[in-house]
Amino acid sequence: MNLKIKYFGLLAEISGCPEEELEFSKTSVSELMETLFEKYPLLKEKDFQVAQNHEITSREMHITESEIALLPPFSGG
Amino acid sequence: MSRYSRHIVLSEVGQQGQSLLSTAKVLVVGAGGLGCPVLQYLAAAGIGTLGVIDFDVVELSNLQRQILFGTSTIGMNKALAAKNRLEDLNPSIQIHAYPEKLTAKNVLALFDNYDIIVDGSDNFTTRYLVNDASIIANKPVVFGAIYKFEGQVSVFNYQNGPSYRCLFPEPPKEGSVANCSEVGVLGVLTGIIGSMQANEVIKMILGFNHVLSGKLLCYSAKTAEITTIKVEKSAKEFEKVYALKDHLTDQYPESSNENEVREISVEDAFNKENVQFIDIRERDEFPQIEIPPNLQIPLGTLEQNLNRLHAEKKYIIFCQSGIRSKVATRLLQELGIPNCQSLQGGALGIMEHLKTKT
């Protein structure tokens, strides 16, 4: 399926864009992460949560929604 | 006309709402980019008791965003400087300044005196300490955090809602997320995010329905886009914190790293021979220091400039007030420069020392 991936904070600096479209043929969130890690190896070293259609999801879940967001924690104040 | 007439005239606030604000007690952790706008709006709104805790001092590079301070308060403790400014803004409220670090030792006693905690801190250790202590003390936390042009806002631990750990269970690896002084931040962003935090505080006190609990609001100053992400409560994360209840000081030890850093007083430093001083402040920081002669290597560029230093030489590291230099000293030790010491009091201490000499 065709996914829209949104990158927040420093993750957008790694991907080089705040969002992109991606054709994805596998099933789980963790498989999607493997695909993204291959594309952007530096992502692998970062801590972040994944949201599907604006809801935090776990890595074991299936991809059921087309909008995915990668959210890192921010510490600045 | 009363000070609060523009609030009281709102049917959703009224005299009754204003009196709720005047009996509320709110503690703001950190008087930095976020803490300043939060404190400013809460003081103006007439929050009856406002606490502010910050151990840091005002520096020139803070003034781009930390709007409670001015050039005349450079070098002053932030909590005390904030209190001075806020007392002028609204003398009818109680303001308590705590010029100290929030630690596992003082956190629970401090939280006990307040109804709502605002997290405007600038590091993960404090954020997780605030989260864990707020769960133990059963206080809601209005969370705000920023990175360059983006901010996150949420209300945690409110009416049985999720906590920060439900969103991010564990702190990220040290050094994997840089802070403002290393990467920069758009000044006005801290005003936007801090104002959103102040708004959530007021909504909670007034009993509005749509408090930002169970949701993480993400704002981009570049695109003005707001994305709201749903966050579920995780009972497991709460249990993890309840189990810490009597062990907070073990979980958050007094920064052992800080104890390892060797410090030296200005007087001793000036008496020392064969040492090289290093100024790790940004190039535009004032006062400029020429005595003693020093190398200028801003903290963020230390690693790139390692080839200018030698493992067998002795160094004294200074910043504005002696806080960042501890970070730099620790970093240099890790990078294989063993003989370095952090100068207590920093550039301001040097100025003071030179003044008493003449």
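This is a predicted model: local features need pLDDT of at least 70, side-chain atom pairs count only at pLDDT 80 or more; totals for chains, interfaces and linings use all residues.
Local features are reported at pLDDT of at least 70 and side-chain atom pairs at pLDDT 80 or more, while totals for chains, interfaces and linings use all residues. Residues are numbered from 1 along each chain as its sequence is written, and chains are lettered from A and ligands numbered from 1 in the order in which they are written.

**View 1. Chain B, overall dimensions and secondary structure.** Chain B contains 15 helices and 13 strands. Helices (H or I, at least four residues) and strands (E, at least two) are DSSP runs, numbered from the N terminus. The C-alpha trace of chain B spans about 70 × 50 × 40 Å along its principal axes.

View 2. Chain A comprises 2 helices and 5 strands, arranged along the sequence as β-α-β-α-β-β-β. With a radius of gyration of 12 Å, close to the 11 Å that the globule rule gives for 77 residues, chain A is as compact as a globular protein of that length. The principal axes of its C-alpha trace span about 35 × 25 × 20 Å. In the loop between β3 (49–52) and β4 (55–57) of chain A lies His54(A), which has a positive phi of about 70° although it is not a glycine.

**View 3. The contact between chains A and B.** The contact takes 32 residues from chain B and 19 residues from chain A; two residues are in contact if their C-beta atoms, placed from the backbone, lie within 7 Å. On the side of chain B that touches chain A, at least two residues each are supplied by α6 (124–137), β5 (141–147), β6 (150–156) and β8 (226–230) of chain B. That side of chain B has 14 nonpolar, 12 polar and 6 charged residues. Ala, Val, Leu, Ile, Met, Phe, Trp, Tyr, Cys and Pro count as nonpolar, Asp, Glu, Lys and Arg as charged, and the others, Gly among them, as polar.

**View 4. The open parallel sheet of chain B.** Five strands form an open sheet in the order β9-β13-β12-β10-β11 (chain B), with parallel pairing. Its edge strands, β9 (263–264) and β11 (294–296) of chain B, each pair on one side only. Strands are taken to pair if DSSP finds at least two bridges between them. Within the sheet, β10 (residues 275–279) and β12 (residues 314–318) of chain B pair in the parallel sense over 5 bridges, and Phe277(B) stands opposite Ile316(B) in β12(B). Helix α14 (residues 324–334) of chain B lies across β12 and β13 (340–343) of chain B and runs at about 175° to β13(B). Axes are lines fitted to C-alpha atoms, for helices over the stretch in contact, and angles run from 0 to 180 degrees between N-to-C directions.

**View 5. Two cis peptide bonds in chain B.** The bond joining Phe286(B) and Pro287(B) is cis, with omega of about 5°. The peptide bond from Ile291(B) to Pro292(B) is also cis, with omega near -5°. Pro287(B) lies in the loop between β10 and β11 of chain B, and Pro292(B) is placed in the loop between β10 and β11 of chain B.

**View 6. Packing of α3(B) against α9(B).** The axes of α3 (residues 35–44) and α9 (residues 187–206) of chain B come within 7 Å and cross at roughly 40°. The two helices are therefore oblique to each other; angles under 35 degrees count as roughly parallel, over 145 as roughly antiparallel, 65 to 115 as roughly perpendicular and the rest as oblique. The crossing is right-handed, a term for the near helix being turned clockwise from the far one by less than a right angle. Residues in the contact include Tyr41(B) and Leu42(B) of α3(B) and Ala198(B) and Val201(B) of α9(B). By class, the contact has 7 nonpolar, 5 polar and no charged residues.

**View 7. Packing of α3(B) against α4(B).** Helix α3(B) packs with α4 (residues 78–89) of chain B at an angle of about 30°, with their axes 9 Å apart. These helices are therefore roughly parallel to each other, and their crossing is right-handed. Leu39(B), Gln40(B), Ala43(B) and Ala44(B) of α3(B) make the contact with Ala82(B), Leu86(B) and Leu89(B) of α4(B). These residues divide into 6 nonpolar, 1 polar and no charged.

How values were computed
The radius of gyration is taken over C-alpha atoms; the globule rule is 2.2 Å times the number of residues to the power 0.38.
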